[in-house]
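Colleague: Could you take me through this protein, setting each term against the rule behind it?

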Amino acid sequence: ELGEFEVSVWGRTYQWKDSLFPVQISSAGEDLLAGPIELLEVASPSGQMKLTGRPNPARVKVTATSSTRAVVECEGMIGATQVRARHLLEYDGMCLTQLEVLPPAQLGGLSLCIPFKPEQSTLYHRFCYGGTVRGSENRGRGVGLKGMADLGFPNTFWLGNEDRGLTWFAENAAGWRLGKALSPVSVFANEQNTLLIARFAEGPVALDAPMKLTFGVIATPVKKLRDNWRFLRVKRDWSYDWFMSFTPSNNYITHVKPTWKEYLDK
C-alpha cells in the first residue's frame, strides 16, 4: 500500500497522493493540471461546479507491474458512498479506469472533473461521437470563447497546446445515469483553469447495485517528437486529412470562430 508515488511512461508521469485519481499528470517536462482530478457528488452546470482543490482520499495499492504495464487500485469514499477505482496504465501512456460505485447509496449526482492549466489547454480536438446518447445534438458548438460548451457524448476529446495535452476517452456510456437537463460532457473555460466535466449521473440516484463505469485518459505526445518535427511537410513526410472538428481558428480554444464567409473574405 502506497501513499505518494508516480507511474512514468515515455516522457509522461501520472502522480497519486493517497488519492482516488491522479493529482497531477505531466508531459514533455511540464504539469498539465491546475489541481487534482476530482470525483464530485454533484451534476450541475459547469459554472456552478465548485472544486475543492483537494483529491478524493483513498487507500492506494500497486497490485501489478511489468515492463509494459502497471495496475493501481484505489478505494475511498465520496461522502457516505464507497467507491473503487482500478487504473490500468500501459507503456504508451494510456490510463484506463474502471470505476465502481457501491450500494447502498443515495447520490445527488456524480461528475468527474479534470482542471487544466489555462496555458496547457489552448487547443482542443473532438472526434467520434456516441450519437445514441442524449446531448449529441450539441456537438456542433465550438469549445472556446468564454464560459461553457456542451459536447454531448464525445468518445474522445483532447485538450492541450502545441507541445502537450491530454485525451479523455470512453467507448460508450454504459453505466451512466443520464438525465434530461445537462450534457454528458462539457468544457468550462475561465482565467483560473479549463475544466473538463464528465457527468456520470444526474441526481437524485438511488443505487441498489454497483454502478460500473469505464473511461480513461492518455497524455500526449505518446512518443518524443523528432527534433525537426516543426519542419516536416505534408505530402513529403506524411499526409493527413482534417476531419470533423477542424475550424477556421485552427482549434484554438480562445479564438473567436468566424463564419466561413468572414474567413473567406480575409
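Predicted model: local features only at pLDDT ≥ 70, side-chain atom pairs only at ≥ 80, totals over all residues.

Colleague: How many helices and strands does the protein have?

Modeller: The protein has one helix and 17 strands, where helices (H or I, at least four residues) and strands (E, at least two) are DSSP runs numbered from the N terminus. Of its 266 residues, 49% are buried.

Colleague: Why is serine 186 called buried?

Modeller: Buried means under 20% relative accessible area, exposed means over 50%, and partly exposed is in between (1.4 Å probe, protein chains only). Serine 186 has a relative accessible area of 0%, so the residue counts as buried. Serine 186 belongs to strand 15, residues 185–189.

Colleague: What makes the pairing of serine 186 with aspartate 150 a polar contact?

Modeller: A polar contact is a pair of N or O atoms within 3.5 Å; within protein, one must be able to donate a hydrogen and the other to accept it, and residues adjacent in sequence count only if both atoms are side-chain atoms. The side chains of serine 186 and aspartate 150 make such a contact at 2.8 Å, and the side chain of serine 186 also makes one with the side chain of arginine 199, at 2.8 Å.

Colleague: Why is the pair of glutamate 30 and arginine 164 called a salt bridge, and which parts does this pair tie together?

Modeller: The term asks for a side-chain nitrogen of Lys or Arg within 4 Å of a carboxyl oxygen of Asp or Glu, and the side chains of glutamate 30 and arginine 164 meet at 3.4 Å, N to O. Glutamate 30 lies in strand 4 (residues 30–31) and arginine 164 in the loop between strand 13 (154–160) and strand 14 (165–169), so the pair ties together parts that are 134 residues apart in sequence. Glutamate 30 is partly exposed at 38% relative accessibility, whereas arginine 164 is buried at 8%.

Colleague: How many salt bridges does a search of the whole structure find?

Modeller: The search finds four, and another of them joins arginine 59 and glutamate 75 at 3.4 Å, N to O. Arginine 59 lies in strand 6 (residues 58–65) and glutamate 75 in strand 7 (residues 69–78), so this pair links parts 16 residues apart in sequence.

Colleague: Which residues make the nonpolar surface patch?

Modeller: Trp10, Tyr91 and Val222 make this patch of about 300 Å². Patches are made of residues with over 30% relative accessible area and no salt bridge, like charges being joined within 9 Å and nonpolar side chains (Val, Leu, Ile, Met, Phe, Trp, Tyr) within 5 Å. Tryptophan 10 is partly exposed at 46% relative accessibility, and lies in the loop between strand 1 (4–9) and strand 2 (12–17).

Technical notes: Residues numbered from 1 in each chain as written. Heavy atoms only, no water. Areas by Shrake-Rupley, 256 points an atom, 1.4 Å probe, with all protein chains shown as cover.
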